[in-house]
Structure formats: C-alpha cells, structure tokens
Amino acid sequence: MSSVSIIGCGAIGRLVGEAVHGGLVRDYRVVSVFDEPQPSRAAALAADLGCVAAGSLDEMLAAGPEYVVEAATCDALRQCAGTCLDHGSSLIVLSSGALTDKRFLTGLLARAVSRGVKVYVPSGAIGGLDLIRAAALGQQSDAVFTSLKPPRALAGAPYLKGRDIAGLACAETVFEGTVPQAVAGFPQNANVAASLSLAMGGTDHVRQVVVADPGLHLNVHRIEVEGSFGSASIEIRARPMPTNPKTSMVAAYSVLALLARIKSPLEVGA
C-alpha cells in the first residue's frame with residue numbers, strides 16, 4: 001500500500017480522499033490531510049477517512065506520505081511544494097497555474113531530481129494532452145484554448161473585479177490573452193490552460209479565451225491545436241462539482257486515474 005496525503009480539503013480533496021479510502025483505486029491509503037485556512041474541513045475529512053488531521057505541513061508530512069495531492073490554491077502550492085519534495089514525497093499538482101512561473105518550476109524539478117521523486121500534473125478538466133505532448137515533439141504547435149462557463153463560475157475572479165457579469169443576457173468574451181495573464185486574472189479557472197501549456201512545452205504556444213455564458217450549466221473547454229502533425233479540435237463538456245461551480249468533477253477523477261496509472265503495469269497513451 002502506498003501512502004497519500006492531501007493538501008486542501010474542499011470539493012476535490014474530499015472526493016479524492018473518499019475514493020481512495022473506498023478502494024476506487026487500489027493499493028493506496030490516505031494517511032493525513034491538511035487545510036491551513038479551514039482546519040475544520042480537514043478535521044471532518046480525517047474523521048471520515050480515519051487518518052491524521054494535520055495542523056501543520058510538518059505534521060502532515062510526519063505521517064510519511066509517498067504521494068502528496070495538492071488540491072488547494074496556487075499560493076498554497078508555492079508555499080508547500082518544495083518542502084514536500086525535500087521530504088521525499090512525490091507531488092500531484094492540481095494548481096498547475098503556479099507552474100507557469102518558470103523559475104518556480106525549474107526549482108521544483110531540480111529538487112525532485114535530487115530526491116528521486118516526481119511532480120505529476122493530472123489532466124484535470126481537459127483531455128487530449130497525450131496527443132498534444134506527441135504533437136509538441138514535431139515542429140512548433142500552437143493552440144487556442146477557449147473556456148466557456150456560467151457567470152457564477154467566474155465570480156470573484158480578480159480580472160473581473162468591479163464588473164458585474166451576473167446579469168449577462170447572452171454569451172460574452174470577458175478575456176483574451178496569454179496563459180500567465182489568465183492565471184493572474186482567473187486563478188481558480190486557468191489551471192487547465194496552464195496544464196495545456198505544460199504539455200505543449202511553454203506558455204508562448206497557447207492563447208487563452210474566457211467566455212461567460214449565462215445559458216450554460218456545464219463547464220465547456222475547447223482546444224484548437226495546429227502544428228506539423230496536422231490539426232485537432234477537442235471539446236469537453238464537464239459537469240461542475242455540486243459544491244464548487246468553479247471546478248469540474250472530472251478534475252478529481254483525473255487525480256484518481258493518475259494514481260491508478262502509476263500502479264498499473266499497462267501504460268495507455270503517449
């Protein structure tokens with residue numbers, strides 16, 4: 001059995017913890033959970049899973065996790081990632097927006113190599129990253145990533161500060177720019193674009209578009225990629241988490257699929 005700790009006990013962290021505890025993925029057990037801003041969430045989840053509700057990062061790591069699932073925020077990842085790797089834990093990152101900082105990413109990867117561990121970025125709420133990684137090995141590929149969401153899923157985004165989009169009558173493009181700009185302006189919505197840019201080999205290859213659509217009840221992601229391989233169009237229509245409209249449910253399942261793949265003797269996809 002491999003041991004897992006979880007940073008962030010919101011909707012994704014809870015689903016992952018419950019699924020591992022319930023045996024949806026085999027050969028793992030949750031040993032500790034940590035949620036610095038909301039310790040009561042960690043206590044409630046730990047009670048359900050029968051594990052340690054850590055009051056600090058050090059206490060979480062003292063439980064000896066082989067893998068740490070980060071399901072918190074970009075800021076939390078920046079604060080915790082290096083310590084987790086130095087402890088000898090591989091890191092599964094959902095707040096991949098933080099990895100668009102090249103200096104931060106380079107430092108993390110150097111620490112991972114020195115400790116013989118890895119940094120994993122699951123596919124999150126999108127698909128096609130296996131094709132895109134393969135295409136990126138040819139001549140330069142470029143992509144336009146369009147994220148369409150109900151206005152409530154974009155509520156609180158710094159880029160929209162001072163603007164009321166709740167009353168939109170029809171779909172409206174509210175942002176178009178680079179992935180780093182999207183990460184800064186939509187920190188809870190742009191991790192999927194960051195993961196796409198990592199698969200493509202850099203943020204310079206991806207253009208991000210954000211659309212607020214009051215007619216939507218799902219989170220829709222469209223990827224249009226072109227390169228020497230040809231072209232591809234990918235659309236994902238993902239149901240949001242019942243308790244968090246900013247997050248697609250499939251993002252949590254992508255963590256579980258990654259854990260299962262790590263253990264599996266069979267690799268499917270690039």
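Helices (H or I, at least four residues) and strands (E, at least two) are DSSP runs, numbered here from the N terminus. By this convention L148 belongs to strand 7, and the chain as a whole has nine helices and 13 strands. The radius of gyration, taken over C-alpha atoms, is 18 Å; the globule rule, 2.2 Å times the number of residues to the power 0.38, gives 18 Å for 270 residues, so the chain is as compact as a globular protein of that length.

The model is predicted: local features need pLDDT of at least 70 and side-chain atom pairs count only at pLDDT 80 or more, whereas totals for chains, interfaces and linings use all residues. Residues are numbered from 1 along each chain as its sequence is written, and side-chain values use heavy atoms, with hydrogens and water left out.

Along the principal axes, the C-alpha atoms fill a box of roughly 50 × 45 × 35 Å. Of the 270 residues, 52% are buried, a term that means under 20% relative accessible area, with exposed meaning over 50% and partly exposed in between (1.4 Å probe, protein chains only). Contact denotes heavy atoms within 4.5 Å. Among contacts in the chain with a separation of 6 or more, 71% join residues 24 or more positions apart.

An open sheet is formed by six strands in the order 3-2-1-4-5-6, with parallel pairing; two strands pair if DSSP finds at least two bridges between them. Strand 3 and strand 6 (119–120) are the edge strands, each pairing on one side only. Strand 5 (residues 90–93) pairs with strand 6 in the parallel sense over two bridges, and I92 has Y120 of strand 6 as its bridge partner.

Helix 2 (residues 39–49) has a buried side, to which A42, L45, A46 and L49 contribute as buried residues. These residues lie on the same side of helix 2 because they cover an arc of only 100° around the axis, the arc being that of the directions from the helix axis to the C-beta atoms. The buried residues of helix 2 pack against helix 1 (11–21), strand 2 (28–34) and strand 3 (52–54). On the face turned away from the buried side are the exposed residues S40 and A47. G50, which follows helix 2, has a positive phi near 70°.

A nonpolar core is a set of buried Ala, Val, Leu, Ile, Met, Phe, Trp, Tyr and Cys residues joined through side-chain atoms within 4.5 Å. The largest such core has 33 residues, and those with the most contacts inside it are I126, F145, L154, F186 and L196. Elements giving two or more residues to this core include strand 7 (142–149), helix 8 (191–200) and strand 10 (219–227). Helix 8 supplies the largest share, six residues. Leaving aside neighbours within four places in sequence, F186 is in contact with L154, A157, Y159, L160, V174, F175 and V210. A second, separate core has 31 residues, including V4, I12, C51 and V255.

Two further buried residues show local packing. L148 has a relative accessible area of 10%; not counting residues up to four places away in sequence, L148 touches V211, L216, L218, N219, V220 and R222. T247, in strand 13 (residues 244–248), has a relative accessible area of 15% and is buried. With the exclusion of residues up to four places away in sequence, T247 touches I12, N219, R239, P240 and M241.
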